[in-house]
Amino acid sequence: MAAFKGHAREASIAYAIAALALVLAVAAPGYFSAENLSDLFLANLPVLLVAIGMTLVVIAGEIDISVGATFAICGVVAGALAKAGAPVLLACAAACLLGAIFGALNGALVAYVGIPSIVVTLATMTALRDALRWTTEGAWVQDLPPAFQWMGLTQRQFPYVVTAVTVLLTVAAAWSLRHLAAGRAIYATGSNQLAARLAGLNTSALKCMTFSTLGALTGLAAVLNAVRFNQIPSNAGIGLEMKVIAAVVVGGASVTGGTGTLLGTVLGVVLLAAIGPALTYLSVSAYWERALQGAIILAAVAADGLSHPLFKRVAGTLQPSGGGRGRRARGAA
Amino acid sequence: MREARLSVQSWRRRWFPNGEWVLLLVLVAEIGFFSVLAPNFLTVGNFFEITRFSAELGLLAVALTPVIVAGGIDLSVGAMMGLAAVSLGAAHQTWHLPLPVAAAFALLVGVAGGSLNAWLIARLGLPALIVTLGTLSLFRGVAEGMTQAAVNYTGFPERFLFLGQGYLGRVVPAQLPIFVAIVAAYVVLLHRSVVGRALYAIGFTPEGARYAALPVARRVGLVYVLSGLMSSVAAIIYVAHLGQARSDAGTGYELDAITAVVLGGTSVFGGRGTIGGTLLGLFALAVLQTGLHLAAWPAELTGVLTGVLLLATIAADRHIRRRPPVRAFVEEELQVKNSQVAILCATIVAGSLIVAGTNVWLIRSVGAGPRASGGLQPSPTAPHRLVVAVMPKAKGDPYFVSCRAGAEEAARELDVDLVWDGPTSLDAAKQNELVENWITRKVDAIAVAVENRGGISSVLRKARDRGIRVVTWDADAESDARDFFVNQATAEGIANALTDEASRLLGGTGEFAIITGALSAANQNEWISFIRKRLADKHPGLKLATIRPSDDDRDKAFAETQTLLKVYPSVKLMMAISAPAVPGAAEAVRQAGRTDVRVIGLSLPNINKPYVHDGVVQTVVLWNTRDLGYLAVYASALVAENKLAPGARSLTAGRLGQIEVRDSQIILGAPMLFNKGNIDRFDF
C-alpha cells in the first residue's frame, strides 16, 4: 500500500482500465485489433495533447476552459494559411504560435492582473468562440491543397509519425516535470504560491509559461486533427475543454493545484477514450451511453475517495489553497 | 467630516462588499445606452420580459452562489434541469399522476440528485468539480435513456402553463413572484442566518471552520441538496414556459449561471460573494442580450461583449481591492482613494450621459434628413419601410447561412429592412426570447424556423395578437400560431426520399446504419420515425442495424463511423442525417478503404462535393436552401403588405415565379437529390 501512497488515484484508474479491458477481451475481442486501437489513438490524440498542457496548468493551481475555442481558431487559421499557399509545416507552426499567444494572453490576465483563471478563460472561451462564429459565419475551410491532408505523408505513414511525436512529447513533459527545476517550480507554485515566490521563484512568469505551453499544444493538436480530413469545420472542439479537464482530474490532478502526474493524465485519457467505443462494441444502446459514462467516472473516483480516512478527505479536498500540500506534491510518469 | 467619510465607507462596505457597485454602473450604462439605441427598450413591458427570461437562469445562479461561496462548484445544474423536466413529464403523462404530485416528484428527483452530489462531495470528500462533471453526464444520460432522447412531453394543462407564460394583473410575469420569493429565502439563508455565516467561514478556510466546531460536511451537503432542488424548480418553470419537457432542457445553462455568479463578484475560491451581486450579474447579462436583440445587432456580439464585460469588471474589482489591505491604516491614502473613486464614478456617468446625449441628437438629426440604414424606428416624415425579422434555428449552421444569402437577396429586391438573428446554437428557449424581443421592437413580420413546435406557438400567437404577421419556415409551429408556413419538404417526404434511395443502392436487401445529430434533436427524431415507418411499409428487406449520435460534430461522426464499420461489418450503407455528419462518415469510409460501403444523407452540396466526386457519397438529399430563405422573406413581406391573404391559392415570388399555396402552406417543391451529375451546379 505504501508504494501507492501518493498514487492512489492512478492505481484506481489503472484497475478500472484493467477491468474494462477484461470485459472487452471476453465479450468483444475485436476491440483490440490493431486497426481499432490505431483509430482510437488518432481520434483521441487532440484530447491527449491538450491534456498534457492542461496537466501543467492544473498543477500550477489554475484551469483553462478556453481550449476548445482556441482549438477551433487554430484549425481554421492553419487551414486558411495552407489554402493561401503556405507549406503545411509553416501553417502548423503558425497555429502553435497563435495558440501560444492566446495562452499567454490568458496567462497574463491570470498572473499579472490577478483575475481567477476560471473567470479569465470563461470570458475568452465565449468571446473567442463567438468571434470565430461571427467572422466565418459558420463556413468551413474548403478546397485545401492535396498536400495538406496527412501533412504530405501517406495515410499509412501518418500514424507512426504522430505516435512518435506524441510519445516523445509526453515523455519529455513527464521527465521535465519530475526532474527539471522548472518542473518542480510548477509544483511549488501550485502548492503554495506565496511560499514559492518568497523562495525566489517568478511565479507569475511561470504561470504565464504553463498557459502558453497549453496554448501551443492546443494549436498543435488542432493541426494534427485537421490534417486527417480535407476540410476544416469552424465549430470544431466544442466540449473539448470538458473532455480534457475530466481526463486530467480523473487522472488525479487536484484542481486546487500542487498535485497531479502526467501518468495519471494519460491513464485518465485512456479510460475516457476507451469507454465510448467499448460501449458500442458491447452493443449498449446509444441512449444509455452517457449515463454509463458518468457512472463509470464517478465509480472510479469514488473508489479512491472511499479508501481515505474520513478526516483527511474532508479537510484535504475542501481546502482552497496553501498550507502543507507541498509535501504531497509528487511527479512521476 | 471624518465620521461622514467613515459612514459612507461602511455604507458601501455593507451594501457592496465585493465591488458590486462597478456592476451597478455597468448596468446603468447599459440601460442608458440601449434605451437610446434600441427601439422600445425602455418600457415597463420590456422590463418585465427581461425578468421572465431571467427566471430559470436566475434560479440556478442564485442556488450556485452559496455553493461557490462555500468553495465548491456545481456543474450538474443544467443536466439536473433536463432530468427533472422529463421526470415531471413522465410522471404526468405516462403515469397519469395529477400535476401537483408530478411536480412534487420532479422536486424529489432534484433533491435526490443534489443528495448524490452532497454525499460524494461532503461525505466522501471528492473534489466538487469532478463529481459534478460526472453527475452532469449521469443526469443528462439518465434523462436521455428514460426517454430514448426522443419523447417530448407536451399537452400540459392551461393552468400549469400559466406559471410560465401568464401575467398577473396583465403586466407581471407569473414566474416573477416565485423567483422573488426564492431569492428572498436565499438572502436570508446566506446573509441573515447562522448557516450562511458558516458557509462563508467554510469557503474562507474549511480547516479553520472545522476547528471552530462548525459541521462542515453537513453545511456543504446542504447547499448541494438545495442546488438540486432549485434546478428542479427551474425545470418546472422551464417546462411551463415552453409547454414541453425534453431531455435537453437546460443544456449549457451551468456555464451561463456561473458567468452570472462570478460577474456578480463572488470569488471562485470561496468565502466571498452576495446574492445581490449575483442578481446584478444576471441582469447585466440579460439586459445586454435583450438590448442587442432589440437594436438588431448580431447575436455573436453577446458572447464577445460578455467576455469583455467579465474581464473588465473583475479586473476593475481586483484593481480597487488590491490597495486597502496594504494601506488600510493610512487615513490620508483612504481619503484620496475615496475621492478618486468618486471622480471615477462621476467621469463614467458623465461620459455615458454625453454619449447618450450625442446619440439622441444624432438620431434626431438623422431622422429629419434621409434615413440611416440601421434598424432604427422610422421617423414620421419618411415613408414606412417594412421590417421583416427572420430567425434561423441556429445562426452558425452552414445550412442556415446559405438560407441567409437568399433572404438578403429577397430583402434587396423588395426594399425591406431585414433583421436576421437567431440563437448561436440550437436552443428553443432562446428562440422564444428573441420573438418576445421582436414583439417589443414592433417589427412588421416575423419568420421563424421553428426548433420546438409546442414551445414557440404561444409566443407566436401573442405576436399575432399584437398585429405582427407571422410566417414559419423550415419547420412549422401549430397552424393557428402563424399565417403561412413556407414548406420546403415534409418530414415524411425527406424520410421517404432517403429510404427509397437507400433501398435502390442496396438493391432492396441489406443492413444500414443511421448517424444522427444530437440524440435529442427533434427534427432528426421525426425523420427517423418516418424512416422506420417507410421501412415497414415498403422495404421489408432493409434492416436498420443501429443509430449513433454525432452531436452535429464532423469529427465525432467520423469516429462513430469508424467504430460502426468494425462492429457491424454487414452494414453496407451509412445514412447520415445531420449536415456535418455526412462528410465525417464519408471520410471514415474512405480511410477504411471500404469500397463496399455507401454513404447517403441530408447535407449541403458544398461540403460534400469532394466525396461525391470520389464516389464515396452517392446521394445528398436537400432542397435549394437559398431559394428557401428567398421565399421566406418574400412571403413575409407579401403577408405584411396584405398582398397575400388567407385562402390564396398561389403567389408570385420574384425569380421563383409562381408558387403553389395549399392550406396556408407555401410549397417550395420536392426535395432534390444531389449526385455526381448535378452537384457542381449548386453553390451553398
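Visitor: What makes the span of helix 6 of chain B close to the expected one?

Guide: In this predicted model, helix 6 of chain B has 20 residues and reaches 28 Å from its first C-alpha to its last. At 1.5 Å a residue, 28 Å is expected, so the span of helix 6 of chain B is close to the expected one.

Visitor: Why is helix 6 of chain B called largely enclosed by the rest of the structure?

Guide: A residue counts as buried if 20 or more other C-beta atoms lie within 10 Å of its own. In helix 6 of chain B, 19 of the 20 residues are buried, so the helix is largely enclosed by the rest of the structure.

Visitor: Which residue follows helix 6 of chain B, and what is its phi?

Guide: Q148(B) follows, with a positive phi, near 50 degrees.

Visitor: How do you know that chain B touches chain A?

Guide: Residues are in contact if their C-beta atoms lie within 7 Å. By that cut-off, 71 residues of chain B are in contact with 71 residues of chain A. The largest share of the chain B side, 13 residues, comes from helix 6 (residues 128-147) of chain B. The chain B side divides into 38 nonpolar, 20 polar and 13 charged residues.

Visitor: What describes the packing of helix 2 of chain A and helix 11 of chain A?

Guide: Their axes come within 10 Å and cross at roughly 145 degrees. The crossing of helix 2 of chain A with helix 11 of chain A is right-handed. Among the residues making the contact are L40(A) and V47(A) of helix 2 of chain A, and V269(A) and P277(A) of helix 11 of chain A. By class, this contact has nine nonpolar, three polar and no charged residues.

Conventions. Residues numbered from 1 in each chain as written. Chains lettered and ligands numbered in written order. Predicted model: local features only at pLDDT ≥ 70, side-chain atom pairs only at ≥ 80, totals over all residues. Contact = placed C-beta atoms within 7 Å. Helix = DSSP H or I, 4+ residues; strand = E, 2+ residues; numbered from the N terminus. Nonpolar A, V, L, I, M, F, W, Y, C, P; charged D, E, K, R; others polar. Axes fitted to C-alpha atoms, helices over the stretch in contact; angles between N-to-C directions. Left-handed = near helix turned anticlockwise from the far one by under 90°. Buried ≥ 20, exposed ≤ 12 C-beta atoms within 10 Å, placed from the backbone.
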